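The sequence and the structure are shown below.

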Amino acid sequence: MSNALVIVESPAKAKTIQKYLGKGYTVMASKGHIRDLPKSGLQVDIEHGYAPHYEVLEDHKSLVSEMKKAAKESETIFLAPDPDREGEAIAWHIAHELKGAKKPMIRVEFHEITKKGVQQGLASPRQVDEARFNAQQARRILDRLIGYELSPVLWKRLCRQVNGHYLSAGRVQSAALRLIVDREEEIGAFVPQEFWPVGVELLGRAKPSFHASLIEAGAKKVVTPSRDRVVKSTERVISTGAEAQGIVADLSKSTFTVASVDKKERRRRAPPPYITSSLQRDAANRLGFSASRTMQVAQRLYEGIDVGSDGPVGLITYMRTDSTRLSTDSLDAARAYIGKRFGKEFVPATPNFFKTRSSAQDAHEAIRPTSTDYHPDAVKKSLKPDEYKVYKLIWERFIACQMAEAVYDQTTAIIEALASEKKFALRASGQVLKFAGWLEAQGATESAEAVAGEEAVNAEAEAVNLAAGEGDEEDKSLPPLEKGDVLKLMVPPGVMTEQKFTQPVARYNEGTLVKALEDLGIGRPSTYAEIVSKVLSRDYVEKKDRALIPTKLGIAKTHGLRASFSNIVDYEFTAKIEKDLDSVEAGSEDWVKLVDRLYKPFKTLVDAEKNAKEPGAGWPKAQPSDRVCDKCGSPMVRRWGPNSDYFACTAYPKCKNIVDENPAPPPVVFEGRKCPKCGRDLLVKTRRGSDEQFLSCSGWRKKDPECDYTSPMPSGITCPKCGVGDLVKVGALKGRKPFWGCTNYRTEPVVEAAPEPATKVAAKGAKAAKGAKAAKAAKVEKPAKGAKAEKAPNVGCDYRVYFQPVKEPCPKCGAKFLVLAGGKANPVKKCVAEGCGYEAPLEVESDEAPQPLKSRKRGPADDASA
């Protein structure tokens, strides 16, 4: 008999923990939740205290049976899912299913999957926390009630399905979507303001020359216009070219004298260790990872990685946390490592401590490496590329957070310019990194970018933005300057000016959205990634160059909810629910009363909207048009559609004629290829609401299709690896990063079998006619020796490229295509053929500001002819 059964969430964690516990313990994995509300129906008894109806998940039934068997053979059961609300719920449901074993069940938490962490967890047993489970249960039931009641409203007021997905309205996801829509509307309402910055290139007693910016003219301070502040009476904006040219002319005739030189030391404090949100933000900004991708990688690092001779080891502590707290042991280890690796001067006199948000639950430590023995480079061979990148981020931040401040020497010179009776003031700023401090852990640079979480310890804008003065100049050192020095105007470039326009606020990306959710108190560390991924996966938002842009559907949904169900998308109300759930977990609020208080007024609003014949405020309404139905002659009205609007006959239901506002061109036959599934012609179709084309079998019908084959539109560029398939765009939907792959990508080699001998065919006939005995009696001959199956031309091919290919031969190596790379900042055409290296600049139109949404195009799975 096994002494103890330990149940964790994942197989990887089970394997790591089994190594530490050894004999006498059986470690099993629940593979996530084992029980939940069934997907269909409400499954909540509203009349009897909102009692939920849980069922064992279909794909977990055999696993639960194995758990029950193992529980009967054990003396003690340790419930060790993740140390958070979801983990507590999993433990509660496991305990419910295993209660028939009548064995002691103990809840334990492993905050790090190391030998020490496992031993500490087992040494601190407790009972399943009912209050924490009730907080999770209340959240789950609220989400089900709101989603179940509100989704039919969306179906009635908007549409039932888009791209095969039923429309849904999650409680927290709707508030997150409103953030994105509000930002888009702010961008749409933004009016750019023209301004002309003026600068001069000057030379002092010694080289090099340096740049100075105009800060005062005509006894008024020259400022850059801002959307956040109004220009004061003592300030001025140089808003026209004529005004700028007049100042340029005056400065060109001016004498320049140094009026003052200010030298000071500036310190930049180390950022705090990662919490969930700051890790997601840095991974998004520095690695381009989505929040869900970051958490998936961090989960693997936490559960255990096989690092060779040491076997599976959990490399980081628990990754869902809102606390910047670090254990005493980890602080000592970090300080010892810093002193040995960088030197004593990099170790501060006392450990660095960081303030945790007042709203934080502070249940776990910050995210950190479990041991300083596992340097990222030492375990790189054992890690996948994504794992190495995330682990390196966590390692560097942990070490940096306990290092000394970075120190800069900053110099600011004010320069007076006189032109006859006109007086101007200019400013030149420069700084030099004197001591790298914590920047050394990340590779010291003078202009190291601000990192996630740094705003918490460097409150002033200058401390985060290392560039001094205007904040948009590159960090540099100034030549020796003294008060009274006469300066010379360097020509060229002399006096410079250029036309600029103020820019709207940037769209959210996944990192900045998580930061906004955190600041508003919406969601918790365990839910940030889920919130973002759900918003992206429901056709409410599209992702373009990392920016989150609301779709036509997302905007319509937000407008309707904001007008008719304001609480659902209200930031303060959503944050208040999070606090209420915290109160339930603390045992100070009853979860049933909380659900009842929120559900009843919401239900009243839902019933009113469902019973209303006409859409309420905010929802799209039919608009009269001058169009006449071409089938019955009745007037037509313009109605909202998720991809494009359409015209519908007012004689409905007698006449069901509808006409798309922007009909796609009729399908045409694609020459040179037949449907690989049925042999029919392939048609070139256009997705509704977009100009994206794709191939579809001519046997496709909206109802009862004879063939459902579709494929991306071939690019006309032959795959350079297999020489057979075409390159096509793959994985562009749902926020995934697209790539261009071979049409035979991941296709299994197709084998054409040799014709079956007549005796084998006869055996099959005998089996069908006379049963198994007759088939066995028939003599089956094998193919003649030497007869081989032939591979079909479409063999599997794994070629992919992450840049858009263009059908243009490489002038250097003759490759059949080039790719567009470099992004907006440095667009280039380059060759990706191995060993070539060809690259040439690509001239594109400037697109500095995000453009407001006018007619957002989408690409659903169905086409205009459907």
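How many residues make up the hairpin that joins β12 to β13? The hairpin runs through six residues. The model in which these elements are described is predicted.

## Strand β12 and its two faces

Strand β12 spans residues 198-203 and is mostly covered, six of its six residues being buried. Val 198, Val 200 and Leu 202 point one way from the strand, while Gly 199, Glu 201 and Leu 203 point the other way. In a regular strand, side chains alternate between the two faces of the sheet. Both sets of residues in β12 are buried.

## Pairing partners of β12

With strand β13 (residues 210-217), β12 runs antiparallel, and four bridges join the two. Within this pair, Glu 201 stands opposite His 211.

Strand β22 (residues 495-497) is also antiparallel to β12 and is joined to it by three bridges; here Val 200 stands opposite Val 495. Two bridges link β12 to strand β21 (residues 486-489), again in the antiparallel sense, with Leu 203 opposite Lys 488.

## Gln 280 in helix α8

Gln 280 lies in helix α8, which covers residues 276-287. Is this residue, Gln 280, buried or exposed? Gln 280 has a relative accessible area of 2%, and because the cut-off for a buried residue is under 20%, Gln 280 counts as buried.

Leaving aside residues up to four places away in sequence, Gln 280 touches Ala 291, Thr 294 and Met 295, together with Gly 511, Val 514, Tyr 528 and Ala 529.

Notes
Residues numbered from 1 in each chain as written. Predicted model: local features only at pLDDT ≥ 70, side-chain atom pairs only at ≥ 80, totals over all residues. Heavy atoms only, no water. Buried < 20%, exposed > 50% of the residue type's maximum accessible area, 1.4 Å probe, protein only. Pairing = 2+ DSSP bridges. Contact = heavy atoms within 4.5 Å.
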